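Q: I have a model open and would like to go through a few local features with you. Could you take my questions as they come?

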Amino acid sequence: MTDALEPMPTDWQRALAVVAHPDDLEYGCASAIAAWTDAGKEVAYVLVTRGEAGIDTLDPAKAGPLREREQRASAAVVGVTRVEFLGHPDGVIEYGPALRRDLAAAIRRHRPELVVTINHHDTWGGTMWNTPDHRAVGRATLDAASDAGNRWIFPDAGPEPWNGVRWVAVAASPYPTHAVDVSATLERGVRSLLEHRSYIEALTEEEPEAYCRGFLEGIAERAGERFGGRPAVTFELFAR
Ligand SMILES: [Zn+2]
């Protein structure tokens, strides 16, 4: 686990980030996205759900629209204005052809070279069990990167086939291979996570900004131990 991480590729222009819930990207990855948009790259988000089952004290009918607004605000902090919601049910996303079809259509619409998604493994490392939504979306996104390029798979999903995805980068993987230096953008990552205020206030007694900063600085610092001591965001990179 002490092997050095490689720098993420930079020879691309368009990325699409596909995750299950509002806040999935903000728990680390958004600082890397800010570094990419600062460098002039285009990044769009696709959220498979609105995260309506994420706040114990709030009815899903109210939580869904609220979390959608918070997600759009947190995307804007890191320079992302294209944010789509696919409207699958939070907590019970089903892995299968219907999900792969929706994600292939999204990839055909956005034509990314880099696709980013969330940890698809069973655990976050050790015995910290991952959620079924993350596993389903991560795996279906890895699959859809290929599906999108095959005109005979889901032929009526989205526009023309797009076979231009060169990498799928899995955020928060317990098996990272690559990293992005976030020295200059970690603070925007903190502000991006802080936009999920209703969720965070329901989650922790801690003061929200201290909670966001503590969490993100901690993981960036641990990642940096394998990346020249610089605060970093890690990815497990699958090349195609
Ligand atoms: Zn999530």
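The chat below turns to the metal site, then to a pair of strands, and finally to a loop residue.

Q: Before anything else, what kind of model is this?
A: This is a predicted model.

Q: Okay, which residues coordinate the zinc ion?
A: The zinc ion is held by H21 through ND1, D24 through OD and H134 through NE2, with distances of 2.0 to 2.1 Å.

Q: And how are those donor residues spaced in sequence?
A: The pattern reads H-x2-D-x109-H.

Q: Is H21 buried or exposed, and why?
A: H21 counts as buried because its relative accessibility is 11%, which is under the 20% cut-off.

Q: What about D24, buried or exposed?
A: D24 is buried as well, its relative accessible area being 8%.

Q: Switching to the strands, how do β3 and β4 pair?
A: Strand β3, residues 42-47, pairs with β4 in the parallel sense over 4 bridges, and Y45 has V83 in β4 as its bridge partner.

Q: Last topic: where is H88, and what does it touch?
A: H88 lies in the loop between β4 and α3, and, leaving aside residues up to four places away in sequence, H88 touches V48, T49, E52, I93, L99 and D102.

Q: Buried or exposed?
A: H88 is buried, at a relative accessible area of 15%.

Conventions
Residues numbered from 1 in each chain as written. Predicted model: local features only at pLDDT ≥ 70, side-chain atom pairs only at ≥ 80, totals over all residues. Heavy atoms only, no water. Donors = N, O, S within 2.8 Å, 3.2 Å for Na, K, Ca; no water. Buried < 20%, exposed > 50% of the residue type's maximum accessible area, 1.4 Å probe, protein only. Pairing = 2+ DSSP bridges. Helix = DSSP H or I, 4+ residues; strand = E, 2+ residues; numbered from the N terminus. Contact = heavy atoms within 4.5 Å.
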